[in-house]
Amino acid sequence: MSDPTRPVPNGRTGAGPIGAGQPTQIEPVEAPARRADAKWVPKTLGAYDVLVVGGGPAGLAAAIAAHDTGSKVGLIEREGRLGGILKQCVHDGFGTIEFKTHLTGPEYAERFMVQAAGRGIASHLNTFVLGATRAASAAASDSGTPAGNARDSAHSKDGANFVLTVENQNGIFNIKSKSLVLATGCRERTARQVFIHGTRPAGIYSAGTAQYLVNVQGYLPGRKCVILGSGDVGLIMARRLTLEGSRVVAVYEAKPEPTGLARNISQCLDDYGIPLHLSHTVTRVFGDERVEAVEIAQCDKAMKPIAGTERIVDCDCVIVAVGLIPENELAEALGAEISVATRGPQVDQTFQTSVPGLFACGNCVHVHDLVDYVTESGRVAGRSAAEYAAGRRSAGLRTPIITSNSLLYAVPQLFDVGAANEPFTVYFRSRNTHQDVVARLVQNGEVLAESRCAVVRPQQMQAMAVGTLSSVPNQNCSINLDLSARQPGSRKE
Amino acid sequence: MATTRALIDGTAQTRAFTCIICPRGCDLTAARIEGSWAISGNRCPMGRDFALAEINNPKRIICSTVRTSSRTIPLLPVKTDAEVPLEDVPRVMQEIFKILVDADVGMGDVIVHNVAGTGANLVASASATMPMGVVLNERRTDRCH
């Protein structure tokens with residue numbers, strides 16, 4: 001297509017195939033007005049104190065907590081139902097910390113949906129966020145505010161610091177809010193992201209897609225499945241497919257250790273006699289229209305396939321369960337600092353990101369293995385966002401929390417010195433498996449808090465509840481988190 | 001003490017389990033000493049009970065889905081309200097495959113009493129029509145052309 005804004009020269013046919021040779025009379029096309037000041041502005045659909053993006057467990061907890069702190073709350077959900085990924089997690093084991101009982105995913109979600117419904121929280125369903133901007137007045141006020149000043153004047157005239165452009169079946173609209181909570185969850189890593197080569201036949205699914213097909217839509221993705229990756233979703237699907245009548249040939253994991261929880265290896269694979277091959281991966285996929293077989297190879301310690309170890313395994317379906325990545329298009333668009341280790345926005349202990357008034361919680365911050373902690377992070381983010389909207393919380397002075405090499409990552413990455421008297425939780429994953437260790441928050445050689453862990457594993461996120469800090473942290477000095485062997489004879493038991 | 005000695009002597013018959021009661025996933029060891037089992041590795045009493053159940057009669061909650069008559073929600077999640085023996089899981093699944101429910105089922109409603117003779121009931125683990133509260137943009141199917 002030619003650019004419609006460019007006037008077509010009169011009397012010329014150009015390369016037009018019709019009527020070539022005849023001098024066609026074409027009137028000059030007036031270029032449409034494209035002045036910046038004539039920009040179309042969508043109608044405003046609503047204005048809230050706290051706007052939550054995502055109606056899964058994190059978003060529901062955030063919305064409920066913000067409402068209970070006295071805010072007018074709006075919730076945006078792109079699907080027609082709330083509950084997020086829990087809708088398709090029909091297995092049990094949810095809520096052991098939150099409710100001290102075993103619930104299925106839908107049961108866990110429904111408990112929070114009942115709470116949200118009872119509070120009359122406004123849910124914009126079937127609504128997709130196209131973009132987000134931070135009001136210029138809000139941005140101008142942080143640059144005008146000296147970094148050391150706790151006074152927060154980030155509220156513009158109508159109080160809206162954020163404008164979200166959303167789309168639903170009625171059109172495109174704006175929704176305004178004083179503070180914004182991102183609860184956008186995570187996405188699955190795809191087969192292409194782990195460099196599986198070969199043809200592209202039907203029958204290759206990510207574990208979450210397979211779970212959606214089996215548990216929500218009622219389709220069986222294959223009769224003879226190979227599962228790549230020992231993440232929890234893959235293990236859960238191995239059992240689910242077996243129950244539904246599919247044969248799961250084996251689960252292959254490139255790493256020398258399984259990435260899923262030990263209890264899932266036991267109850268999903270061992271119960272049904274499904275073999276788990278560690279240090280093995282899928283190197284090629286065969287099949288034209290449909291998967292017919294895969295090539296499996298043994299891997300070295302660097303997860304590289306070892307030449308000469310390849311063998312062919314027949315199957316009609318490959319389920320790829322190779323990890324999850326936080327979903328952060330909105331956080332990035334709003335300029336939040338993203339952590340390299342978690343791939344989610346950096347947050348402080350109140351779950352505020354590097355952008356004042358922008359909060360994030362749940363799996364978009366870091367990938368959790370338990371929904372109970374997702375809910376807890378949502379609750380803290382929702383409460384903090386409500387306090388920010390009410391002008392009771394500022395984007396105060398923050399000092400980084402630096403993790404030692406013994407840890408893969410820790411959340412929060414920042415410590416808001418202004419909120420130092422509030423209890424908080426540090427979530428971390430260790431790099432290796434250790435028994436009987438102590439996690440310590442240290443500043444300038446002084447231990448601020450410590451917690452004993454009987455076992456730490458990379459697969460299992462640790463939650464270190466920090467009550468009152470032993471001293472008020474210095475705002476000009478970073479805090480270190482490290483893991484060390486417990487000293488014999490330590491008084492802490 | 002007898003346990004320790006038997007373990008050292010190598011006369012104990014031992015079995016290992018991963019506890020599935022909570023996400024900690026303790027590594028349990030059961031050692032058979034003179035007709036009774038001694039459990040170690042558990043960090044709570046539930047772990048001991050789990051290991052003993054694994055030895056005598058392993059049981060599980062079964063979670064699955066049943067078909068519904070609804071067009072918008074083709075499947076409803078279900079679970080057994082009590083643990084059923086692991087060996088009965090295929091029989092319970094065969095029952096589950098045959099079920100078709102209406103879309104007015106609520107969470108916790110019993111769908112099948114005493115499913116496959118296990119003594120456990122099959123209950124809905126979600127409401128077919130979930131509570132939504134104030135919905136500002138529910139898709140109105142009657143307006144779709």
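Reader: Which domains does chain A have?

Author: The assignment for chain A gives domain 1 (39-187 + 325-396), domain 2 (190-322) and domain 3 (398-493). The model is a predicted one.

Reader: What makes you say that domain 1 and domain 3 of chain A touch?

Author: Contact requires C-beta atoms, placed from the backbone, that lie within 7 Å. By that test, 18 residues of domain 1 of chain A are in contact with 18 residues of domain 3 of chain A. On the domain 1 side, these are five nonpolar, 10 polar and three charged residues. The C-alpha centres of domain 1 and domain 3 of chain A are 26 Å apart.

Reader: How do you know where confidence in chain A is lowest and where it is highest?

Author: Confidence is given per residue as pLDDT, on a scale from 0 to 100. Helix α3 (residues 136-144) of chain A has the lowest mean, 64, and helix α1 (residues 57-68) of chain A the highest, 98. Over residues 1-21 of chain A the pLDDT is below 50, and this stretch has 17 contacts in the model beyond near neighbours in sequence. Residues 144-156 of chain A are also below 50, with 25 such contacts. For chain A the mean is 87, and 86% of its residues reach 70 or more.

Reader: Why is the passage of α1(A) and α8(A) called a right-handed crossing?

Author: A crossing is right-handed if the near helix is turned clockwise from the far one by less than a right angle. The axes of α1(A) and helix α8 (residues 371-389) of chain A cross at roughly 35° and come within 7 Å. The crossing is accordingly listed as right-handed. Residues that make the contact include Ala58(A), Ala62(A) and Ala65(A) of α1(A), and Val374(A), Gly378(A) and Ala385(A) of α8(A). By class, the contact has 13 nonpolar, five polar and two charged residues.

Reader: How do you know that chain B touches chain A, and which element of chain B gives the most?

Author: Here 33 residues of chain B are in contact with 40 residues of chain A. On the chain B side, β5 (63-68), β6 (75-80) and β11 (134-135) each give two or more residues. β5(B) gives the most, with four. The chain B side divides into 19 nonpolar, eight polar and six charged residues.

Reader: What makes strand β5 of chain A and β11(B) a pair?

Author: Two strands pair if DSSP finds at least two bridges between them. Strand β5 (residues 122-124) of chain A and β11(B) have two bridges, in the parallel sense. Ala122(A) has Val134(B) as its bridge partner.

Reader: Why are β22 and β27 of chain A called edge strands?

Author: The open sheet has three strands in the order β22-β24-β27 (chain A), with antiparallel pairing. β22 and β27 (462-466) of chain A each have a single partner strand, so one side of each is left without a neighbour in the sheet. Neighbouring strands here are turned by 25° against each other on average, direction ignored. Strand β24 (residues 424-430) of chain A is joined to β27(A) by five bridges, and Thr425(A) stands opposite Ala465(A).

Reader: What makes β25(A) and β26(A) a hairpin?

Author: Strand β25 (residues 434-443) and strand β26 (residues 446-456) of chain A pair in the antiparallel sense over nine bridges, with two residues between them. Val442(A) stands opposite Val447(A). In the turn, Asn444(A) has a positive phi of about 55°.

Reader: What is the omega of the peptide bond between Val411(A) and Pro412(A)?

Author: Omega is about 5°, and the bond is cis. Pro412(A) lies in the loop between β22 (407-411) and β23 (414-416) of chain A.

Definitions and conventions: Residues are numbered from 1 along each chain as its sequence is written. Chains are lettered from A and ligands numbered from 1 in the order in which they are written. This is a predicted model: local features need pLDDT of at least 70, side-chain atom pairs count only at pLDDT 80 or more; totals for chains, interfaces and linings use all residues. Domain bounds come from an automatic or database domain assignment. Two residues are in contact if their C-beta atoms, placed from the backbone, lie within 7 Å. Ala, Val, Leu, Ile, Met, Phe, Trp, Tyr, Cys and Pro count as nonpolar, Asp, Glu, Lys and Arg as charged, and the others, Gly among them, as polar. pLDDT is the predictor's confidence in each residue, from 0 to 100. Axes are lines fitted to C-alpha atoms, for helices over the stretch in contact, and angles run from 0 to 180 degrees between N-to-C directions.
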